[in-house]
Amino acid sequence: MQAIHYQISAHNLHAHLFDITLNIPSPAAQQVVSLPVWIAGSYLVREFAKHMQNLSARQGKKTLAITQLDKNSWQIDCQAGKPLSLNYQVYAFDNSVRTAWLDAQRGFFNGTSLCLRVHGQEDQAHQLKLANDGLPSDWQVATALRPEKTTPKGFGSYLAENYDELVDSPVEMGAFWSGSFSAGGVEHRFVVAGACASFDGARLLADTQAICEAEMTFWHGKPTKGKSRSAKNRPPHDRYVFMLNAVDNSYGGLEHRHSTALICKRADLPRIGQSHTLSATDGYTNLLGLICHEYFHTWNVKRLRPAELTRYDYGRENYTELLWFFEGFTSYYDDLLLRRAGLIDNATYLALLCKNINVVLQSPGRLVQTVAQASFDAWVKYYRQDENSPNATISYYTKGALVALCLDMSLRQGGKTSLDAVMRTLWQRCQGGPMTEADVLAVLQELSGESYADRLATWVHSTAELPLQALLRAQGVDYLEEAAGLADQLGLKLTESGGVRIKTVLRGSAAETAGFAAGDEWLAVLPAAGKGKTAGGWRLNKLDELPLYVDLTHAFQALVARDQRLMHLPVRLTKGVTQVKLSASLSPQLAAWLETQKQ
């Protein structure tokens, strides 16, 4: 049977419109088509159909009637077996990794935003033709789809095995920077849109190559010198494309089977002449961590995946309680594998780990929502953050990473195995495919010789605190507590652009007791009300000015504006609000954890 065929071109760069023609060689009678409501890896119904317009259908010269069935599905009044052609446009002005973008400088899209699904023919081959009509002459194409007939710049025809592969292969177009390298015998391409002249592409390629090689070694072991890997220990991908969009201020990534779409601050790119010494606060370190995270997903979620996501349902939410494993464990390994790749040192790694611990411990929601519930509720909570989210939810990324840490430390303390071995055994057990929590428990028992059911029940399915302190100290890492920063002592999350504005008031905090609310503008501080007190006060422009104007060991008043009404709030800092600090000297246990990969 002939392939389902899409032709995509720029309808109008300045109107941000893609033009799509979909040809179905052998449709069903009354053929149904639909556009996905979400994209795999980003667990939110985003309603991509809202950007679709001017859908029309023809068989030969006959224009056909179209009936809309629901928010994202249409039925075409067509005959069976006679070629059917659909045409429509999609508005593309979301400069993220999840949807689509088109202007005079750059084009980008995920198939879930542009490509209608032909019901009943999802497993047919799907062909994509990218036209360069009306595009600037210096534009190129980057995609992990297999080329059929393309120009040197990449325009032309590509082939996907099925609809899933088509929509799991984003496309980047524009006058981007491009480089390549080989890792583990696999060719990798890296393209960067929006880079400045100072961008050091050679360094980005070298560091990314180190990451890819470290991750291949993690999953499949080191190849024997002079010999190729066996089929069992070969990476699951034969090509890979990194697509990075450098912008003024954004950060994130979305994984795919043979590629990833990334976005970062332009200032975080490596620069020519810049020192190679990295620190935990270095934006480039964060970018490398993002690259490491998304590449790890090549194994952990794109292939080894929750059983509930064996086959995606593109028309509704797809629920699983296992995001703490697939996102959380990936978050644990993204920084750890940077250390093993030699891109950060021990002190930097521990600083990154410490930051993650403090984020979780300073989230009151960890005592309200389990990390398994957080996974299931991603569709309505994680991707729909509001001012109360830190009080009612916990991130399956951050707490999931700490669950991985606790498992790794506990396994290593037992002396028989490590989380590294667990991950590799799960890959073999599940044959790089669907996985359940029962598989995790079975492998933990098989390798450690003991049941981890009670520990997972406590760490994953309850809101009990994790045993971080004892487990880290057993690895030779000192777990210290020190006074928290001023915002944490108050229990506030805020912005300080043109004044101090409250974003979140944390549950049980001094700020909540005082009566602060999200949206308040903190204008000034005054002495506490009482006999003999003057009415004078101080304008507050930034929170770190507070110790200059008041004695923080005593109560004071905050003057805030709420809905244009001025209010005086009595504030007294809560004693004993602390944050964690980690330090260590290199011990055999620490070396085995941070520097080696036991195969």
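**Exercise 1.** Divide the residues that line the largest cavity into nonpolar, polar and charged.

*Solution.* The lining comprises six nonpolar residues, one polar residue and three charged residues (nonpolar: Ala, Val, Leu, Ile, Met, Phe, Trp, Tyr, Cys and Pro; charged: Asp, Glu, Lys and Arg; polar: the others, Gly among them). The model is predicted: local features need pLDDT of at least 70 and side-chain atom pairs pLDDT 80 or more, while totals for chains, interfaces and linings use all residues. Residues are numbered from 1 along each chain as its sequence is written, and side-chain values use heavy atoms, without hydrogens and water.

Next, the names: Val-360, Leu-361, Arg-366, Lys-399, Leu-402, Thr-463, Ala-464, Glu-465, Leu-466 and Leu-468 line this cavity (on a 1 Å grid over the protein atoms alone, points where a 1.4 Å probe fits but cannot get out; lining residues have an atom within 4 Å of a point). At least two of the lining residues come from helix H7 (346–361), and at least two from helix H10 (398–414) (helices are DSSP runs of H or I, at least four residues, numbered from the N terminus).

**Exercise 2.** State how many aromatic pairs the whole structure contains, and describe the pair Trp-219 and Trp-427.

*Solution.* Trp-219 belongs to helix H3 (residues 201–220) and Trp-427 to helix H11 (residues 419–429), and the pair links parts of the chain 208 residues apart.

Then the accessibility. Trp-219 has a relative accessible area of 2% and is buried (under 20%; exposed is over 50%, partly exposed in between; 1.4 Å probe, protein chains only). Trp-427, at 9%, also counts as buried.

Last, the surroundings. Both tryptophans belong to one aromatic cluster, which also includes Phe-190, Phe-218 and Tyr-240.

**Exercise 3.** Is the pair Tyr-396 and Tyr-397 stacked or edge-to-face?

*Solution.* The ring centres of Tyr-396 and Tyr-397 are 5.1 Å apart, and the planes stand at 25°, so the pair is stacked. Tyr-396 has 0% relative accessibility and therefore counts as buried.

How values were computed. Phe/Tyr/Trp six-rings, centres within 6.5 Å; stacked < 30°, edge-to-face > 60°. 1 Å grid on protein atoms, 1.4 Å probe; cavity = no way out; pocket = protein on both sides within 12 Å on 5 of 7 lines; lining within 4 Å.
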